[in-house]
Amino acid sequence: MPSERAPMPRHIGLIMDGNGRWAAKNGLPRSAGHTRGAEVFRTISRYCEKIGIEALTTYAFSTENWSRSADEVSSIMNILRKYLRDAFNQEGETSRVRFIGRRDRLAPDILSLMEEIEDGTRNNTGLKLNIAVDYGGRNEIVHAAREAAKLVEQGRISADEIDEDLIESLTFTSGCPPLDLLLRPSGEERISNFMLWQCAYAEFVYMDVLWPDFTTEHLDRAIEEFRSRNRRFGGR
Ligand code: IPE
Ligand code: IPE
Ligand code: MG
């Protein structure tokens with residue numbers, strides 16, 4: 001468990017990357033990496049809940065991931081299906097789950113499972129768990145801009161009233177604390193269209209471990225690193 005020094009992050013963003021390389025390293029098909037990745041996700045989200053993180057937003061499938069082979073996309077969607085059926089149906093589930101991203105390109109049965117989970121966990125008061133599926137940060141900003149334009153069109157606000165608070169309230173993560181820590185395992189050091197709006201003052205921690213090998217100790221280490229940083233938010 002992390003020590004009591006600087007404040008803990010309230011909201012963590014997590015890019016779950018490296019499933020394919022983990023599979024290759026172990027002589028397995030890429031789908032085995034995704035399956036193992038889904039299991040690790042569950043361990044880590046439970047751990048976040050245990051150590052009192054308020055919000056966790058995880059990147060499961062990007063708007064660009066559709067460009068992978070049809071085989072890989074369909075195996076990811078099947079793993080997601082199975083996962084959605086099993087993972088949140090358990091007694092004692094305390095996290096409030098929200099799926100963020102586009103809803104117009106997913107299979108109808110996946111969408112219904114997502115809606116069921118959102119409805120079933122809506123009143124939970126534990127970890128705010130946002131799972132990004134068919135998510136792109138640019139798409140999210142476009143979505144918010146479009147919603148703001150609709151408010152203007154309906155005469156409910158003037159164009160000059162579009163400000164940062166309004167756009168924030170129209171993002172998929174509205175109601176969550178500001179993003180404190182953006183964590184990417186797998187050794188890649190890039191953002192890959194994740195939480196572009198929310199990253200404004202997030203601390204970035206990159207780790208040289210593939211997601212399926214990621215453990216609670218890695219998360220502790222990332223949190224320790226976060227707590228050693230000097231955040232200035234543009235001030236002195
Ligand atoms: C992350 O692992 C999972 C998804 C993007 C769906 P990758 O599949 O990107 O694994 P690598 O980066 O190729 O190792
Ligand atoms: C980002 O990883 C998306 C997810 C982890 C879901 P990618 O593997 O798709 O990103 P790139 O291609 O390395 O930038
Ligand atoms: Mg990758």
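A residue is called buried here if it has under 20% relative accessible area, exposed if over 50%, and partly exposed in between (1.4 Å probe, protein chains only).

Some ground rules before we go on. What you're looking at is a predicted model, where local features need pLDDT of at least 70 and side-chain atom pairs count only at pLDDT 80 or more, while totals for chains, interfaces and linings use all residues. Residues are numbered from 1 along each chain as its sequence is written, and side-chain values use heavy atoms, with hydrogens and water left out.

Now the overall layout. The chain has 7 helices and 6 strands, taken as DSSP runs (H or I, at least four residues, for helices; E, at least two, for strands) and numbered from the N terminus. Reading from that end, the order is β-α-α-β-α-β-α-β-α-α-β-β-α. The radius of gyration is 18 Å, close to the 18 Å the globule rule gives for 236 residues, so the chain is as compact as a globular protein of that length. That radius is taken over C-alpha atoms, and the rule is 2.2 Å times the number of residues to the power 0.38. Along its principal axes, the C-alpha trace spans about 60 × 45 × 35 Å.

Let's visit two loops. Pro185 sits in the one between β5 (181-184) and β6 (203-206), and it counts as buried because its relative accessibility is 0%. Its C-alpha is 13 Å from that of Phe41, 144 residues away along the chain. Glu161 lies in the loop between α5 (137-153) and α6 (164-169); with 47% relative accessibility, Glu161 counts as partly exposed.

Methods:
Chains lettered and ligands numbered in written order.
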